[in-house]
Amino acid sequence: MDDIVTNKVRKILTDYLEQNHKRKTPERYAILDTVYSMSGHFTLEELNEELEQQNFHVSKATLYNTMNLLLSFRLVVRHNLKDGTKYEASYRNVNHCHQICTICGKITEINSPIIVEAVSKARLKRFLRDSFSLYIYGVCSSCQTKINRQKAKQAKAKLKPKKK
C-alpha cells in the first residue's frame with residue numbers, strides 16, 4: 001500500500017472516530033492497514049490469519065465490528081459471491097467490474113471504460129448514484145481448457161473399438 005493511500009484512509013477513519021466520539025484503538029488501525037495491504041478479494045478468515053501472522057490478535061467481535069465500520073463509509077466493499085462473502089479495499093476503486101468463473105470461482109477485475117461510461121450516463125429515476133460493482137459470470141480460460149480436454153478425451157474414448 002502506498003503512503004498516500006495509507007495516510008488518506010487513516011485520516012478518514014480518524015475523522016470519523018473523532019466526530020462520533022469513538023475510541024481510536026490500535027486494533028481498528030491494524031485492521032484498516034491490513035485490509036489495505038492485502039491484494040484482491042479476501043474473506044474475514046483470511047484477514048484474521050494475516051493479522052495473526054503480524055502477531056496482532058483481535059477478537060472476532062472486534063474484527064466484525066471494525067469491518068462493519070469500514071463498510072459504512074466505503075473504505076471496504078463486501079461482495080456476496082458463489083463461494084461466500086469476500087471483501088476488498090475500496091478507496092479509489094469505487095466503480096469496477098468483476099469476471100467470476102462459475103466453475104472454479106476465480107475473480108478477475110476488469111477495466112472497462114465503456115461500461116463505466118454507460119453506467120454513469122444511465123438515467124436513474126429518483127436515485128442518486130454513488131458507485132457500482134458489476135459481476136459478469138462465465139467460464140474462465142483455464143476451466144474452458146479443462147472442459148475441452150475432457151470432451152476430447154471422452155470423444156476419443158468413444159471412437160476406440162472395444163476389445164473382445
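**Reading a pocket and a sheet**

Mentor: In this predicted model the second largest pocket has a volume of about 150 Å³, a volume being the space filled by probe spheres set on grid points that are joined across faces, edges and corners. Local features need pLDDT of at least 70 and side-chain atom pairs count only at pLDDT 80 or more, while totals for chains, interfaces and linings use all residues. Residues are numbered from 1 along each chain as its sequence is written, and side-chain values use heavy atoms, with hydrogens and water left out.

Trainee: Which elements each supply at least two residues of the lining of the second largest pocket?

Mentor: Rolling a probe the size of a water molecule over the atoms shows where empty space is left. On a 1 Å grid over the protein atoms alone, a pocket is an open set of points with protein on both sides within 12 Å along at least five of seven lines, and lining residues have an atom within 4 Å of a point. Here β3, β5 and α6 (141–159) each supply at least two, helices (H or I, at least four residues) and strands (E, at least two) being DSSP runs numbered from the N terminus. Among the lining residues are Ile 100 and Tyr 137.

Trainee: In β5, which residue is the bridge partner of Ile 100?

Mentor: Strands of a sheet pair through backbone hydrogen bonds, either parallel or antiparallel. The partner of Ile 100 in β5 is Tyr 137, and β3 (residues 96–101) and β5 run parallel, joined by 6 bridges; two strands pair if DSSP finds at least two bridges between them.

Trainee: In what order do the strands of the open sheet stand?

Mentor: The order is β4-β3-β5, with mixed pairing. β4 (107–110) and β5 (133–138) each have a single partner strand, so one side of each is left without a neighbour in the sheet.

Methods:
1 Å grid on protein atoms, 1.4 Å probe; cavity = no way out; pocket = protein on both sides within 12 Å on 5 of 7 lines; lining within 4 Å.
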